Amino acid sequence: MNASTTVTRRVEYNDSVVRAFLLASLIFGVVGLLLGVIIASQLSFWQANLGLQWTTFGRLRPLHTNAAIFAFVGNMMFAGIYHSMQRLLRTRLGSDALSWVHFIGWQLIIVCAAVSLPLGLSQGKEYAELIWPIDVMVAVVWVVFAINFFLTIAKRNEKNLYVAIWFYIATVVTIPVLYIVNNLQIPTSILHSYPVFGGVQDALVQWWYGHNAVAFFLTTPILGIMYYYLPKAVGRPVYSYRLSVVHFWSLVFLYIWAGPHHLLNSALPEWAQTLGMVFSVMLWAPSWGGMLNGLLTLRGAWNTLRTDPVVKFLIVGVTFYGMSTFEGPLLSIKSVNALGHYTDWIIGHVHGGALGWNAGMAAGLFYWLFPRMWGTKLWSVKLADAHFWLSTFGMLLYIGAMWVAGVNQGLFFQALDAEGFLKNTDFVEVLNGGKFLYLMRLIGGVAFFSGYLMMVVNLVMTVRAGKAANESVDVPVHDEGPAVPVLALIFSAPVMLTVIVIAASVAFGLAGPITSAVVAAIGALLVVVCMMYHRRYQEQKVRWHALLEGRTFLFTVLVLIAILVGGLIEIVPTVVNKDYGAVTASANKPEMIATPSKYLQVPYTPLELEGRDIYVREGCYLCHSQMVRPFRHETLRYGDYSRAESFVYDHPYQWGSKRTGPDLQRLAGRYPNLWHFQHMRDPRSTSPGSIMPVYAWLHEQTVDFAATPKKLSVMRTLGVPYEQQTIDDSQELALAQGRLIADDLKKTGGVDIAPDKEIVALIAYLQQLGLLHEPPPLAQAVEVK
């Protein structure tokens, strides 16, 4: 068609829903940061828990993380996606109705989370605390978002998909896979459930989800936003298209394998730990490739960094992306992880990504998008500059304090004397020694929050000065040329070479000492072939990936395959093998008698199970671990190291990721019942210097034993060997065990308490932790056939 007769049509973008998501993100940012300041103050001043069950650290910390991730970053992400994809695809969103269902549904999820988490309604898994009805809501709303997203792509007026859309696609298809698998539950009531995975399996699935929620909710969509808004802000194209291709595919493929690095030196099988560590270190390269692609986009426009607050925040965000993706692989090395895990170093690492990368990119997006969505200029550039410097100061103070505190804690716990025994035996000593650093964290958090409030004022005044209006553009109507056949793309040289290289890499990992040399030789030959093909590729100037960008369905399928490979290889073998160490007999020694390992977990009694649910409800796993690592300093401090079979009946697992208090895996019998009773009422009466909140309500509230039979029935469905008689008599059994504890409390401390109080159930659970299974007499053993 001749250019002079080009037909155009008018497209009005749906910016109303973009504005709604922007305002929601701005508001929930205040909520998330305020909660962060509150819980930071609770770690400096235990009185800030207020003595109320709804305001303890264990209940507010999940509210803080969910508000920051799903409310603040989530709404910002949706705003950026909906705004940028309309411009990139030159079309209106697929459905106005679905857009508003998505917005209203997401805010309803956030409100439900805000109500349920302070009430103690939690699944007890980090970043996945929401109870099962809310999980269903999340799945439904995400499906609405996905349909709207792909409808928009289907009606696009641009043939090829820009790099930002690639990252959005990865987010849209990966999050439901992660969320659904990790939240597979069997309900016991409308407000309670148990996960289908338990123990080691649950730990692996949880951190496969947890790590990749960071990857595909907090990273890939924000990278898409970076690839669109940073070039827009500086008026320069992305530095390298080719680097963006490498960045995208390597990141999507490698990220999904890295989850086990959260479980290094634990009871997780060694092969899974090694895979997680290796792939985490490999992530270094593509992550820094993306960072450099962002930073080098400013070539010739570095002067804007001095004058434009949008560029300042975006560049700080990209820089902290690089810092976090350097520190993450570093912490994934086993020796470094042994020092940093369970310490405040991890808190510093997480907040480097959250405050630097996510909040930095959010601020840059806000300062760029708010004036344009309301058709005006930013109210005050000077106030935005003040926000930048104050938030940067607060962020560095916060992260620096946590780095120093974390390294100090790791060295404190590892310290041994000349005879090989612990130099530091008092856990509380390290808390008291780090009070100054906790105050630095609090001051840094307050400074960052104050800077955010400056931005809120600035943007509110900007909105008041402008008027909301939807942008309209004239879009040329093109006749599409013949499409490249899907099979031709699938069986093209780049795809086939990629498949062969991956297969060769897997074969090398599985090969023995002799065959590995053969595989290595084949790999070297493949490298030569790839180099020859690349030379031909350059000579013919064939842009294979550009052809792929025009085939949305094929592109999406390849992304889905890339993220499924690692998950299936890591999770399936672990889930299938549920009998870690269950027997000591060996298949090649049939004369041995098969006896249960002495470390095989004892099923919880009805009262202990109720006590465990209280432990989960109060968020105790956020400050206490239940995993003794195989290090001398840990076995001296806590007892024998943990085995996989010690957790087979734990639904959910409760290994924890931070030790603000000591590990509890070998707690059984260490203290009398009276000590636990007094410790929960007034922690400082038994542990001077403790920062733990009081739990006085546990001494007043009663356990609902009417729900116990259903809980045991569900646990039996999940593989816990409860007899039907035990389930039928569970209420009577729980009360009988409760009376034993109540009688002991009265005998040893003159405490008069009813056997159905929550504190009694919690004591029963704590006194069972780490209880070893006694092998049966020889006559009762089963001979291996």
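Over the ring of which residue does the charged end of Arg441 sit? I looked this up and found Tyr438, with the charged end 4.6 Å from the ring centre. The criterion I used is NZ of Lys or CZ of Arg within 6 Å of the ring centre and within 35 degrees of the ring normal.

Notes on the source. The model is predicted: local features need pLDDT of at least 70, side-chain atom pairs count only at pLDDT 80 or more, and totals for chains, interfaces and linings use all residues. Residues are numbered from 1 along each chain as its sequence is written, and side-chain values use heavy atoms, with hydrogens and water left out.

Aromatic pairs. I noted 48 of them in the structure, where rings of Phe, Tyr and Trp (its six-membered ring) pair if their centres lie within 6.5 Å, and planes under 30 degrees apart count as stacked, over 60 as edge-to-face and the rest as tilted. Phe412 and Phe413 have ring centres 5.5 Å apart and planes at 80°, so I logged the pair as edge-to-face. Phe412 has 11% relative accessibility and therefore counts as buried (under 20% relative accessible area; exposed is over 50%, partly exposed in between; 1.4 Å probe, protein chains only). Phe413, at 11% relative accessibility, counts as buried.

I then checked Tyr615 and Tyr765, an edge-to-face pair with 5.3 Å centre to centre and 65° between the planes. Tyr615 is in helix H23 (residues 606-617) and Tyr765 in helix H30 (residues 758-766), so the pair ties together parts 150 residues apart in sequence. Helices here are DSSP runs (H or I, at least four residues), numbered from the N terminus. I found both Tyr615 and Tyr765 buried.

Conventions:
Helices (H or I, at least four residues) and strands (E, at least two) are DSSP runs, numbered from the N terminus.
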